[in-house]
Amino acid sequence: MSFSCIVATGNLSDNGAEFMALAVRDWLPKVGVKTLYIEPGSPWENGYCESFNARFRDELLNGEIFYSLNEARNVIEQWRRHYNTKRPHSAPGYRPPAPESIMPMEVKRMMH
């Protein structure tokens, strides 16, 4: 079985993430994953990811300061749930892609 992974080759803003990308790029062939490279300055080659990243940045990251990893996880998880279950998306007719469904509890009569 063969898998593909898209790896952006553009410059990153800090060396920590860039070194991480190099480590991932070296690791992928060892686990049997082939890479598809995106040219620097060509976000249209991966439009879905770029669109999501822009929304994530605009709707959450630009307005938050995280003081701990745990706080970041909690806030991002709340945003993710809202994004997937409540926020309207244009592609599915301005409905959320995975709306929450509520199953009514079975009402049982209780003897007094």
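Trp79 and Tyr83 sit 4 residues apart in helix α3, so about one helical turn separates them. Helices here are DSSP runs of H or I with at least four residues, numbered from the N terminus. Keep in mind that this is a predicted model: local features need pLDDT of at least 70, side-chain atom pairs count only at pLDDT 80 or more, and totals for chains, interfaces and linings use all residues. Residues are numbered from 1 along each chain as its sequence is written, and side-chain values use heavy atoms, with hydrogens and water left out.

Let's stay with the aromatic residues. The structure holds 5 aromatic pairs, where a pair means rings of Phe, Tyr or Trp (its six-membered ring) with centres within 6.5 Å; planes under 30 degrees apart count as stacked, over 60 as edge-to-face and the rest as tilted. One of them is Phe52 with Tyr83, an edge-to-face pair at 5.5 Å centre to centre and 80 degrees between the planes. That pair ties together distant parts of the chain, since Phe52 belongs to helix α2 and Tyr83 to helix α3, 31 residues apart. Phe52 is partly exposed because its relative accessibility is 33%, while buried means under 20% relative accessible area, exposed over 50% and partly exposed in between (1.4 Å probe, protein chains only). Tyr83, at 12%, counts as buried. Tyr83 also pairs with Trp79: their ring centres are 4.8 Å apart and the planes lie at 25 degrees, so this pair is stacked. Both Trp79 and Tyr83 are buried.

Leu60 is found in the loop between α2 (47-59) and α3 (69-85), and it counts as buried because its relative accessibility is 6%. Leaving aside residues up to four places away in sequence, Leu60 touches Arg55, Val75, Ile76 and Trp79, with contact meaning heavy atoms within 4.5 Å. Leu60 and Val75 are 15 residues apart along the chain, and their C-alpha atoms are separated by 8.8 Å.

A salt bridge here is a side-chain nitrogen of Lys or Arg within 4 Å of a carboxyl oxygen of Asp or Glu, and the count comes to 2. Glu77 meets Arg80 at 2.7 Å, N to O, and Glu77 meets Arg81 at 2.9 Å, N to O. Glu77 and Arg80 are 3 residues apart in helix α3, so they are separated by about one helical turn. Glu77 is partly exposed at 27%, Arg80 is partly exposed at 39%, and Arg81 is exposed at 51%.

Methods: Helix = DSSP H or I, 4+ residues; strand = E, 2+ residues; numbered from the N terminus.
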